Number of protein chains: 2
Amino acid sequence: MPTAKTENFTDQQQRIADLAKALGHPARVAILMHLFKTNSCVCGDIVEEIPLAQSTISQHLKALKKVGIIHGEVEGAKTCYCINPKVWQEMKDVLGQFFGTFTGCC
Amino acid sequence: MPTAKTENFTDQQQRIADLAKALGHPARVAILMHLFKTNSCVCGDIVEEIPLAQSTISQHLKALKKVGIIHGEVEGAKTCYCINPKVWQEMKDVLGQFFGTFTGCC
DNA sequence: TATATTAATCGTATTTTAACGATGAACTTT
DNA sequence: AAAGTTCATCGTTAAAATACGATTAATATA
């Protein structure tokens, strides 16, 4: 029974895990890559690019939004998604620092 | 029904997702941090450090082993775990490059 | 040799993810 | 006003993840 974890781990550990988990599915990686490519903000034509149902893409977008990596703006009937540079930088920092903690042994 | 993904995504996308997913749980982050601290290789006293059952820790270790981030060596009755520097570097590279792809917009 | 320790694996329960189609709300276009 | 787009959400299903205790195999110690 997957219990609440917040208790047992530090905020830092939890944040690292949350950010990493958001990248933990190839569809979400693909979505982000697509947002890179079309470096202006891009709307739901993500669905065209990725062979998954519209509702599934929407779910993945929601997951990315939840940790703050992306941000959606309603523009008429469409919604424009873009990467949140602030959180992207945070992720770079937090994970980069984590990666750098290990310098080598063994 | 979570279908096979290998088909729809590139190897790179899949690898990024697999590596990220391995970091996608605070217990695994905590395990890795513990391996950093005790920078010589360290055995199952991880169980002492993290408030989870032995079998659960074992499962998390298995997950980390699966992507190659850590590596266990049997030493008598105990097992000594350490980070695989090669894979750690790969992770740094692969994810670092991914992070760097986005330079900013919006 | 008998007992204890270590850690992987098994079996199980619960929760979360991932996927889809269908529906519905909001905005556009005709 | 009516019909069409767009996209979030709902409901559902199946699979994977998470957690635990119990068991087992291996090694170590008494």
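Let's start with the strands of chain A. Strand 1 covers residues 70-75, strand 2 covers residues 78-83, and the two run antiparallel. Six bridges join them. One facing pair to find on your screen: Gly72(A) stands opposite Tyr81(A) in strand 2. Please keep in mind that this is a predicted model.

Now the turn. The hairpin of strand 1 and strand 2 in chain A has two residues between the strands. Which residue takes a positive phi there? Gly76(A) does, with a value near 65°.

Chain B next. Strand 1 (residues 70-75) and strand 2 (residues 78-83) of chain B pair over six bridges, in the antiparallel sense. Gly72(B) stands opposite Tyr81(B) in strand 2 of that chain. In the chain B hairpin, two residues sit between the strands, and Gly76(B) takes a positive phi near 70°.

How many helices and strands does chain A have? Five helices and two strands. Along the sequence, the order reads α-α-α-α-β-β-α. Chain A has 106 residues, and 42% of them are buried.

On to charges. Side chains of opposite charge can pair when their charged atoms come close. Over all chains, the count is four salt bridges. I'll go through three of those.

First on my list, Glu90(A) with Arg15(A). The closest N and O atoms are 2.8 Å apart. This pair links distant parts of the chain: Glu90(A) is in helix 5 (residues 85-101) and Arg15(A) is in helix 1, 75 residues apart. Buried or exposed? Partly exposed, in both cases: Glu90(A) has a relative accessible area of 26%, and Arg15(A) comes in at 23%. The cut-off for buried is under 20%, so Arg15(A) at 23% does not count as buried.

Next, Glu49(A) with Lys37(A). Here the closest N and O atoms are 3.8 Å apart. Glu49(A) is partly exposed, at 48% relative accessible area. Lys37(A) is exposed, at 61%. The line for exposed is over 50%, which is why Lys37(A) gets that label.

Then chain B. Glu90(B) forms a salt bridge with Arg15(B), and the closest N and O atoms are 2.8 Å apart. Again the partners come from distant parts of the chain: helix 5 (residues 85-101) of chain B holds Glu90(B), helix 1 (residues 11-22) of chain B holds Arg15(B), and 75 residues separate them. Glu90(B) is partly exposed, at 25% relative accessibility. Arg15(B) is partly exposed too, with a relative accessible area of 25%.

Last topic, the surface of chain A. Which residues form the positive surface patch? Lys21(A), Lys62(A), Lys65(A) and Lys66(A). Helix 4 (residues 54-67) of chain A gives the largest share, three residues. Lys21(A) comes from helix 1 (residues 11-22) of chain A. Lys21(A) counts as partly exposed, at 43% relative accessibility. A patch residue needs over 30% relative accessible area, so Lys21(A) at 43% clears that cut-off.

To recap: a six-bridge antiparallel pairing in chain A, another in chain B, four salt bridges over all chains, and a positive patch of lysines on chain A. Happy to take questions.

Technical notes
Residues numbered from 1 in each chain as written. Chains lettered and ligands numbered in written order. Predicted model: local features only at pLDDT ≥ 70, side-chain atom pairs only at ≥ 80, totals over all residues. Heavy atoms only, no water. Patch = residues over 30% accessible without salt bridge, like charges linked within 9 Å, V, L, I, M, F, W, Y side chains within 5 Å. Areas by Shrake-Rupley, 256 points an atom, 1.4 Å probe, with all protein chains shown as cover. Salt bridge = Lys/Arg side-chain N within 4 Å of Asp/Glu carboxyl O. Lys, Arg positive; Asp, Glu negative; His and termini not counted. Charge placed at Lys NZ, Arg CZ, Asp CG, Glu CD. Helix = DSSP H or I, 4+ residues; strand = E, 2+ residues; numbered from the N terminus. Buried < 20%, exposed > 50% of the residue type's maximum accessible area, 1.4 Å probe, protein only. Pairing = 2+ DSSP bridges.
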